[in-house]
Amino acid sequence: VACCLLGLGRPGAMPGAEKKTRKEKAAVAAKGRAAPGVNKYMPDQSRNAHASIAASSGAQKLLKRAALLQTLLARKESAETRIRLAEIWIELNQSKYHGAARETLETCLKLDPGDAMCARRVLAPLLLSFGEHEAAAALLAQYSNDTSAVMLCCGLLLSLAEHAEAEGEEEEEESQARAESAFERLFACNWQACALLAATARGESPIPEQTVSELREARIAKLAS
């Protein structure tokens, strides 16, 4: 007790109540102080919030570019401009723009059936992503002489989808033969594309196991040659 009394009598010593008040004030001040690199005036600065803001900003920029391209098209028809516009609709990755992307690309093909700017190579994967297999098959048949990796990949994916939906032994055999033919065409053109199609992250593949095994053997042979 004596020591405590002596302590209270020293210059600068504070009563317990005053110490407690100062600690409370410091705690309140610390709560109001923002962490380094954080703007306390922004309500939500989590990673998701930042990603959302960045995505929104990116979408706005793409929409501005799309508006500019639409203005250019209104002044002068251009297949190249249409394809760039369609690519923006696709890049936005929103279902409400998918129809616009398809319509834009199909207009290119109507205006230029020869498709000098290769709008078909953007349209074919888009149709597959929509599940529009019949439209994709018609497009591939129309440009069957196009041996680009994109078109051949689409042909292989389409044939594999048909094989997966086949019913009955005869239909399965026919679809498998078409898939093998499509695979051979793609491998002859670009075997690396085949390897990418067969690559899987978790050991599961939509491609038949036998086809994957044959691909691995063919790849080894290709690398050895």
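## Getting oriented

Two residues are in contact when heavy atoms of theirs lie within 4.5 Å of each other. With that in hand, here is a first look at this predicted model. Among the contacts in the protein with a separation of 6 or more, 48% join residues 24 or more positions apart.

The protein has 11 helices and zero strands, and reading along the sequence gives the pattern α-α-α-α-α-α-α-α-α-α-α. Of its 225 residues, 27% are buried.

Let us start on the inside. In soluble globular proteins, nonpolar side chains tend to be buried together. The largest nonpolar core here holds 30 residues, and the members that touch the most others are Trp89, Leu92, Leu105, Leu123 and Leu139. Which helices supply two or more residues to this core? They are H3 (47-75), H4 (79-92), H5 (95-111), H6 (120-130), H7 (133-142) and H8 (149-165). Apart from this core lies another one of 12 residues, which include Leu156, Leu186, Ala193 and Cys194.

Not counting residues up to four places away in sequence, Leu139 touches Leu109, Arg120, Leu123, Ala124 and Leu127.

H5 is a helix to follow from end to end. Its 17 residues should span 24 Å at 1.5 Å a residue, and its end C-alpha atoms are 25 Å apart, which agrees. The buried residues of H5 are Tyr97, Ala101, Thr104, Leu105, Cys108 and Leu109. They cover an arc of only 140 degrees around the axis, so they sit on the same side of H5. An α-helix has 3.6 residues a turn, so residues three or four places apart point the same way.

What does the other face of H5 carry? Turned away from the buried side are the exposed residues Ser95, Lys96, Glu103, Lys110 and Leu111.

Thr104 lies in H5 and has a relative accessible area of 8%, so it counts as buried, the cut-off being under 20%. Leaving aside neighbours within four places in sequence, Thr104 is in contact with Arg82, Leu85, Ala86 and Trp89. Thr104 and Ala79 are 25 residues apart in sequence, and their C-alpha atoms are 9.3 Å apart in space.

Cys108 is also placed in H5, and it is buried, with a relative accessible area of 4%. Beyond its neighbours within four places in sequence, Cys108 is in contact with Ala79, Arg82, Ile83 and Ala119. The C-alpha atoms of Cys108 and Ala79 are separated by 5.7 Å, although these residues are 29 apart along the chain.

## Loops on either side of H5

Where is Asn93? It belongs to the loop between H4 and H5. Is Asn93 buried or exposed? At 62% relative accessibility, Asn93 counts as exposed, because the cut-off is over 50%.

Cys118 is found in the loop between H5 and H6. Its phi is near 60 degrees, again a positive value in a residue other than glycine.

H8 has 17 residues and reaches 24 Å from its first C-alpha to its last, close to the 24 Å expected at 1.5 Å a residue. Its buried residues are Met151, Leu152, Cys153, Cys154, Leu156, Leu158, Ser159, Leu160 and Ala161.

H9 has 21 residues and reaches 30 Å from first C-alpha to last, close to the expected 30 Å. The buried residues of H9 are Ser175, Ala179, Ala182, Phe183, Leu186 and Phe187. Seen down the axis of H9, these fall within an arc of 135 degrees, so they line one face of the helix. The face turned away from that buried side carries the exposed residues Glu170, Glu173, Glu184 and Ala188.

## The largest pocket

Rolling a probe the size of a water molecule over the atoms shows where empty space is left. The largest pocket has a volume of about 350 Å³. Among the 16 residues that line it, Leu140, Met151, Gly155, Ala182 and Arg185 are the closest to its centre.

Which elements give two or more residues to this lining? They are H7, H8 and H9 (169-189). H8 gives the most, with six residues.

Conventions
Residues are numbered from 1 along each chain as its sequence is written. This is a predicted model: local features need pLDDT of at least 70, side-chain atom pairs count only at pLDDT 80 or more; totals for chains, interfaces and linings use all residues. Side-chain values use heavy atoms; hydrogens and water are left out. A nonpolar core is a set of buried Ala, Val, Leu, Ile, Met, Phe, Trp, Tyr and Cys residues joined through side-chain atoms within 4.5 Å. Buried means under 20% relative accessible area, exposed over 50%, partly exposed in between (1.4 Å probe, protein chains only). Helices (H or I, at least four residues) and strands (E, at least two) are DSSP runs, numbered from the N terminus. The expected span of a helix is 1.5 Å times one less than its number of residues. The arc is that of the directions from the helix axis to the C-beta atoms. On a 1 Å grid over the protein atoms alone, a cavity is a set of points where a 1.4 Å probe fits but cannot get out, and a pocket is an open set with protein on both sides within 12 Å along at least five of seven lines; lining residues have an atom within 4 Å of a point. Grid points are joined across faces, edges and corners, and a volume is the space filled by probe spheres set on the points.
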